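Here are a few exercises to work through with the model open in your viewer. Try each one yourself before reading the solution.

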Amino acid sequence: MGVSMAAKRRHWKEKDGRYWARISIPLELKPFFGNKTQLTEPLGGDLRIADENHAAAVARLKDKLKAARRMLEAASSDAAVEPAPVAAVTPRRALTPEDVEQAVWAHYTNTLAQDAAKRAAMPTEQEITDELEKANKRIEAGDADPRKSISGFFNVYSDYELKASMRHFDERLRKSKLKALRAEIATGNTRLVNAKVQEFIDRHHFAVARESQEWRDLAQKLMRAEIEALERTCELDAGMFGGTPQDPIVRPPSKPIDEGEPVSLWGLFEAYVEKKQKVGKHMDGGANWAVPIRSLIDFVGHDDARRIKHEDLIGWRDSLEAAGKSPKTIRDKYLVAVRAVLRKAVKERTLPNNEMVDVEQEVPRKIRTRERGYTKREAVRILKTSLNYEPRATTHPSHRESAHITAAKRWVPLLCAFTGARVNEITQLRKQDVFKEAGRWMLRITPEAGSVKTGEYRDAPLHRQVVELGFLEFVKGANEGPLFHGAQTPEKYLSGARTTSGRLCPPSSPVEQFSMIA
């Protein structure tokens, strides 16, 4: 009930138990984001955390739109000062004659393809006849009686008229656009293709300034390509087939830009994870690395690893920093993931070279103004809070804290403090991992329950104070399986443990350093 209600809010997306903040991109700003229709930011799989982080995520997405808006306004007013970069906008290579050939031919063929798709979707003669018969039956049934409904009287034939006039209306629209293109190409006005020009430049990351001479020349050629395509459609209206372009610039490119078979970056990532899992690594399916790979794909606007160049990766790295990512996160998460995947692909001869070579991220030296871990006073305060923890009372079912989370907040800090284990290692404990050996109670921290940094299990003695506080009674009363999360199958244990860990403390929190206060 709570999930369905949350899903109806603005700027919210839910799919397969995961949540995102999302915001639509205005039409005029789409070229700045690879012609995408919306921006999204993942919020994780915990509804309550997603709900708490939603507003801040939406604010960040709106900031991106504002930055793009400033760039658009600066371009429109010929501003001399360049605004701050926006993710997925920075042009990176010069436009070549081969690129122009490709753009012209693609615009011509795409225009014809769109026309063919529209024609295929037009109602058939039989459908039009059926709609007329349906309207006549409504009249016979009295639906067109103005005494009953004025709107019914006027609308009884509306569906029929719409279907019957659709082809005629489309033909008139195309002829009007053809006339407008012919008139404006003579004056140098390119407004009818400006969006297409910018889309092409952004998609391929060309270093072409808006409204420059190079930009206008490309726009003029796209106008000529569209004129040729619309003339072909008019020939089809008259029953003439087999027409070819008469304009000499509208021809198949002499040398295609993309040669060879594409190599999916996402496919390389999946293959990398699959191989690592065979040796006991990335058992979570590479979930943490999936975000960087998706980020790079979104930035370059395609999934072909073969086409990703060094300058693309530099631009991607800079866009991450412009989007607010910390230098350490960029270096240790985003660059590391992509570098490993590309390096593996080069070793296995799937890619000819690794474009990540020399793509680095400087990280400022961290200044410490306090101890690395907790002070004694802080540790005591947290442990007392844990001992006395009670979930917040609420009458709303969707706001009630689950028994697993309540148990985690009660016991995980204590277990971390007395064992020196990491938070994730404790949140993945199962009932069978608490056992008695040689008269002493033990905790077994094992990869079978999720993940262990060393890849090997280890046993930790259970301190008598934890026993005296009632931990064993809690374990005995728990169901079989995980103690601190609700995952039902071993494949889900690690993600379940991480979700609970995220509820207890943010990443890099001093809570991760409980081993220092054991």
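**Exercise 1.** Work out which residues of H13 and H14 meet, and sort them by type.

*Solution.* Keep in mind that this is a predicted model. Start on the H13 side: Leu383, Ser386 and Leu387 make the contact. Across from them, H14 supplies Lys409, Arg410, Trp411, Pro413, Leu414 and Ala417. Now sort the residues of this contact: six are nonpolar, one is polar and two are charged.

**Exercise 2.** Describe how H13 and H14 are arranged: what is the angle, and how far apart are the axes?

*Solution.* First find the helices: H13 covers residues 376-387 and H14 covers residues 403-419. Finally, check the handedness: H13 passes H14 in a left-handed crossing.

**Exercise 3.** Classify the ring pair of Trp12 and Tyr19, and decide whether each residue is buried or exposed.

*Solution.* The model's count of aromatic pairs is ten. In the pair of Trp12 and Tyr19, the centres are 5.5 Å apart and the planes make 40°, so the pair is tilted, falling between the cut-offs of 30 and 60 degrees. Now for burial: Trp12 has 2% relative accessibility, under the 20% cut-off, so Trp12 is buried. Tyr19, at 6%, is therefore buried too.

**Exercise 4.** Find which charged end sits over the ring of Trp20.

*Solution.* Go to the centre of the Trp20 ring: the charged end of Lys13 sits over this ring, 5.2 Å from the centre.

Definitions and conventions:
Residues are numbered from 1 along each chain as its sequence is written. This is a predicted model: local features need pLDDT of at least 70, side-chain atom pairs count only at pLDDT 80 or more; totals for chains, interfaces and linings use all residues. Side-chain values use heavy atoms; hydrogens and water are left out. Rings of Phe, Tyr and Trp (its six-membered ring) pair if their centres lie within 6.5 Å; planes under 30 degrees apart count as stacked, over 60 as edge-to-face and the rest as tilted. Buried means under 20% relative accessible area, exposed over 50%, partly exposed in between (1.4 Å probe, protein chains only). A charge sits over a ring if NZ of Lys or CZ of Arg is within 6 Å of the ring centre and within 35 degrees of the ring normal. Axes are lines fitted to C-alpha atoms, for helices over the stretch in contact, and angles run from 0 to 180 degrees between N-to-C directions. Helices (H or I, at least four residues) and strands (E, at least two) are DSSP runs, numbered from the N terminus. A crossing is left-handed if the near helix is turned anticlockwise from the far one by less than a right angle, and right-handed if clockwise. Contact means heavy atoms within 4.5 Å. Ala, Val, Leu, Ile, Met, Phe, Trp, Tyr, Cys and Pro count as nonpolar, Asp, Glu, Lys and Arg as charged, and the others, Gly among them, as polar.
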